[in-house]
Amino acid sequence: MSIFEQEEQNANDLLKFIYKCRKIILFSLLLGGLLGGGVALLQDKKYLSTGIIYPANNYTRDQLLSNPQFGTEIETEQLMQLLESQSIRDSVINKFDLIKYYEIDKSEKDWKSQLNLKFIKDITFFRSKYLSVVISAKTTDPKMSANIVNYIISVVNNYKTEIFADNRKKELAYQKSRVNAQAEILDSIEDKIYELKDTSQIENLISNYLNLAGKENYVPSDFIDSREMEDLLESYRIQFAIYKDYRRDYLQAKDQIKKPIVDNYVVDTAEPNYKKVSPSLSLHIILGALALTLLSCLFMLLRQKLDAIRKS
């Protein structure tokens, strides 16, 4: 028998089997659809709400008015890390009492894992190809879904601001400590100069030296009457230049900390959506019908094989 004839024979056998079991197949389709629909009706209805935000570009603060820009891929990834952090998750869980909502039994050892898995399943973050971030929440209450999304939009801005503000305060404190330490070095050198010069001449000696040093009309003898004094004044000049650099950096940091952190751009806030997204009644009916029909066919095939074995 050729391959073509074999395939034709198999097709005929299949058609004969379907025709023979037509009543069982139809009954299975009907019963499976009813069972699938019943399961769908027994499940809790869930409603989806979404919001869309863009991260701000952290490097365009000075151009914020003239040339505002959305963030790059780096800012988007940073935003995703913040959204998926345990801190944001805990904040949402506490705000909306999700332990009670998910009926988590805290006496169980793995209750935190159960809670996190349910949270990750219902509250998701998706980075689009346009570098925006889509925040979605799916719960049994349309208003709750929308409120969760909008809360996350607001809290991620606050969380980012707290992190940035803390780092900027630390940087300002560091810059100030450098200025203070350098000022102490200058005071130390100044005290040594006081010991070598009459105090009545000290008031303008250092400032005049700094102003005239390196100029054409500079006369060293007006300020320097010993090698030690020369070393002290030169050391003071070098350390004073360092002090000016440190003070400039400190003043810049002090000015930067007054500027607010740029918030994320909110493209869409969430609105309650009263059309359920799950469970899908039609999908459950189709899957139930197909599943029960497949099981019935397998059972009939197995029974047919057993009958053939008995006869042989």
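Y236, F240 and Y243 make up one aromatic cluster. In this account, rings of Phe, Tyr and Trp (its six-membered ring) pair if their centres lie within 6.5 Å, and planes under 30 degrees apart count as stacked, over 60 as edge-to-face and the rest as tilted. The structure is a predicted model, in which local features need pLDDT of at least 70 and side-chain atom pairs count only at pLDDT 80 or more, while totals for chains, interfaces and linings use all residues. Residues are numbered from 1 along each chain as its sequence is written, and side-chain values use heavy atoms, with hydrogens and water left out.

Four aromatic pairs turn up in a search of the whole structure. One of them joins Y236 and F240, whose ring centres are 6.2 Å apart with planes at 10°, so this pair is stacked. Both residues belong to helix α9 (residues 227-256), where they are four residues apart, about one turn of the helix. Helices (H or I, at least four residues) and strands (E, at least two) are DSSP runs, numbered from the N terminus. Y236 is buried, at a relative accessible area of 7%, whereas F240 is partly exposed, at 26%. The rings of F240 and Y243 have centres 6.1 Å apart and planes at 25°, so that pair is stacked as well. F240 and Y243 also both lie in α9, three residues apart, which is again about one turn of the helix. Y243 counts as buried at 19% relative accessibility. The cut-offs behind these words are under 20% relative accessible area for buried, over 50% for exposed, and partly exposed in between (1.4 Å probe, protein chains only).

Another ring has a charged neighbour. K106 lies over the face of W111, 5.1 Å from the ring centre. A charge sits over a ring if NZ of Lys or CZ of Arg is within 6 Å of the ring centre and within 35 degrees of the ring normal.

The chain as a whole has 10 helices and five strands. It has 312 residues, of which 31% count as buried. Among contacts between residues at least 6 apart in sequence, 77% join residues at least 24 apart; contact here means heavy atoms within 4.5 Å.

How do two of the helices pack? Two packed helices are described by the angle between their axes and the distance between the axes. Helix α3 (residues 73-83) and helix α7 (residues 142-196) pack at an angle of about 105°, with axes 10 Å apart. That angle makes α3 roughly perpendicular to α7. Axes are lines fitted to C-alpha atoms, for helices over the stretch in contact, and angles run from 0 to 180 degrees between N-to-C directions. Angles under 35 degrees count as roughly parallel, over 145 as roughly antiparallel, 65 to 115 as roughly perpendicular and the rest as oblique. On the α3 side L79, L82 and L83 take part, meeting I152, V156, Y159, K160 and I163 of α7. Sorted by class, this contact has seven nonpolar residues, no polar ones and one charged. Here Ala, Val, Leu, Ile, Met, Phe, Trp, Tyr, Cys and Pro count as nonpolar, Asp, Glu, Lys and Arg as charged, and the others, Gly among them, as polar.

Helix α7 also holds N157. Is N157 buried or exposed? N157 is buried, with a relative accessible area of 9%. Leaving out residues up to four places away in sequence, N157 touches D263 and N264. Y265 is found in strand β4 (residues 265-268) and is partly exposed, at 23% relative accessible area. From C-alpha to C-alpha, Y265 and I153 are 9.7 Å apart in space, although 112 residues apart in sequence.

D90, in helix α4 (residues 86-95), is partly exposed, with a relative accessible area of 34%. D90 and N116 are 26 residues apart in sequence and 9.5 Å apart in space, C-alpha to C-alpha.

The backbone remains. Most residues other than glycine have a negative phi, and most peptide bonds are trans. D97 has a positive phi, near 50°, and is not a glycine. D97 sits in the loop between α4 and α5 (98-101) and is partly exposed, at 42% relative accessible area. E103, which is not a glycine either, has a positive phi of about 55°. E103 is placed in the loop between α5 and α6 (111-122), where it is exposed, with a relative accessible area of 72%.
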